[in-house]
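Subject: Structure handover

Hello,

Here is the structure for your files. My notes on the helix packing and the overall fold follow below.

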Amino acid sequence: MRYKKRFNSLMNLSYGTMTLLNVIIGLVAYLSFESNTHEVVTNNLPEGSFRLSVNVMAAVLSFTSYTLPMFTIFEIVENSNLPCLPMDFGKSVLSPSVIAFRLWMVTVSVLFAATFPAYTYLLAFVGSIAGISLEFIFPPLFHLKIYSSEMSWYSFLLDAVILLVGSAVLVTGSIFSLRSIIQAYSNPVSGNCA
């Protein structure tokens with residue numbers, strides 16, 4: 001960024017805008033289709049060229065956004081100096097061991113997604129725990145731990161509210177995701193195991 005002093009406000013604005021957009025999309029989908037809301041929201045759209053174009057854009061977004069978390073995993077493992085890895089592992093992206101590791105990781109993740117029944121429910125369960133923890137529970141906890149002695153009462157209250165809301169979302173999201181997994185396995189014929 002050119003103006004580093006604006007980073008915090010820009011980050012808060014971006015994070016708040018994306019959270020608000022996700023909440024609005026979820027509410028509009030639920031209010032529009034209620035209990036008939038499909039797991040993949042775009043499948044609620046009427047058949048035709050609009051639905052096809054939205055699904056194509058969603059597929060392109062999925063393929064292109066897959067690289068970000070995989071790149072993060074590659075970076076973490078390649079720079080971790082694990083004792084089971086060669087000493088020079090990760091020094092060059094073009095080394096055969098790094099290429100083999102990256103191909104293995106991509107292959108395993110794609111095979112797992114393609115063969116695991118009710119994979120979307122598993123993703124929802126993991127996201128309810130890991131995603132909510134990383135986004136809503138750990139940041140205010142770390143902020144409280146580091147700055148609690150110099151925080152104003154309203155900053156402390158804001159962190160506490162974010163922590164409580166995040167904890168409530170984690171618990172309810174985990175319960176409903178786990179319930180969906182159990183339903184998918186207890187009734188695999190009528191369950192949505194695609």
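The axes of α3 and α4 come within 11 Å and cross at roughly 135°. Axes here are lines fitted to C-alpha atoms, for helices over the stretch in contact, with angles running from 0 to 180 degrees between N-to-C directions. That angle makes α3 oblique to α4; angles under 35 degrees count as roughly parallel, over 145 as roughly antiparallel, 65 to 115 as roughly perpendicular and the rest as oblique. The crossing of α3 and α4 is right-handed. A crossing is right-handed if the near helix is turned clockwise from the far one by less than a right angle, and left-handed if anticlockwise. On the α3 side the contact (heavy atoms within 4.5 Å) uses M70, I73, F74, E75, V77 and E78, and on the α4 side V98, F101, R102, M105, V106 and S109. By class, the residues of this contact are eight nonpolar, one polar and three charged. Ala, Val, Leu, Ile, Met, Phe, Trp, Tyr, Cys and Pro count as nonpolar, Asp, Glu, Lys and Arg as charged, and the others, Gly among them, as polar.

On provenance: this is a predicted model, in which local features need pLDDT of at least 70 and side-chain atom pairs count only at pLDDT 80 or more, while totals for chains, interfaces and linings use all residues. Residues are numbered from 1 along each chain as its sequence is written, and side-chain values use heavy atoms, with hydrogens and water left out.

The other helix pairs

Helix α2 (residues 49-65) and helix α3 (residues 67-78) have axes that come within 5 Å and cross at roughly 10°, so α2 and α3 are roughly parallel to each other. In this pair, F63, T64 and S65 of α2 meet T67, L68 and P69 of α3. The contact of α2 with α3 has three nonpolar, three polar and no charged residues.

Helix α5 (residues 119-147) packs against helix α6 (residues 153-186) at an angle of about 170°, and their axes are 8 Å apart. The two helices α5 and α6 are therefore roughly antiparallel. Their crossing is left-handed. The residues of the contact of α5 with α6 comprise 19 nonpolar, nine polar and one charged.

The chain as a whole

There are six helices and zero strands in the chain (DSSP runs numbered from the N terminus: helices are H or I with at least four residues, strands are E with at least two). The chain has a radius of gyration of 21 Å, whereas a compact globule of 194 residues would have one near 16 Å; the radius is taken over C-alpha atoms, and the globule rule is 2.2 Å times the number of residues to the power 0.38. Along the principal axes, the C-alpha atoms fill a box of roughly 55 × 55 × 40 Å. Of the 194 residues, 16% are buried (under 20% relative accessible area; exposed is over 50% and partly exposed in between, with a 1.4 Å probe and protein chains only). Among contacts with a separation of 6 or more, 54% are between residues 24 or more positions apart.

Two individual residues

M18 sits in helix α1 (residues 7-33) and counts as partly exposed at 48% relative accessibility. M18 and E34 lie 16 residues apart in sequence and 23 Å apart in space, C-alpha to C-alpha.

A113 belongs to helix α4 (residues 96-115) and is partly exposed, with a relative accessible area of 31%. A113 and S97 are 16 residues apart along the chain, and their C-alpha atoms are separated by 24 Å.

Regards
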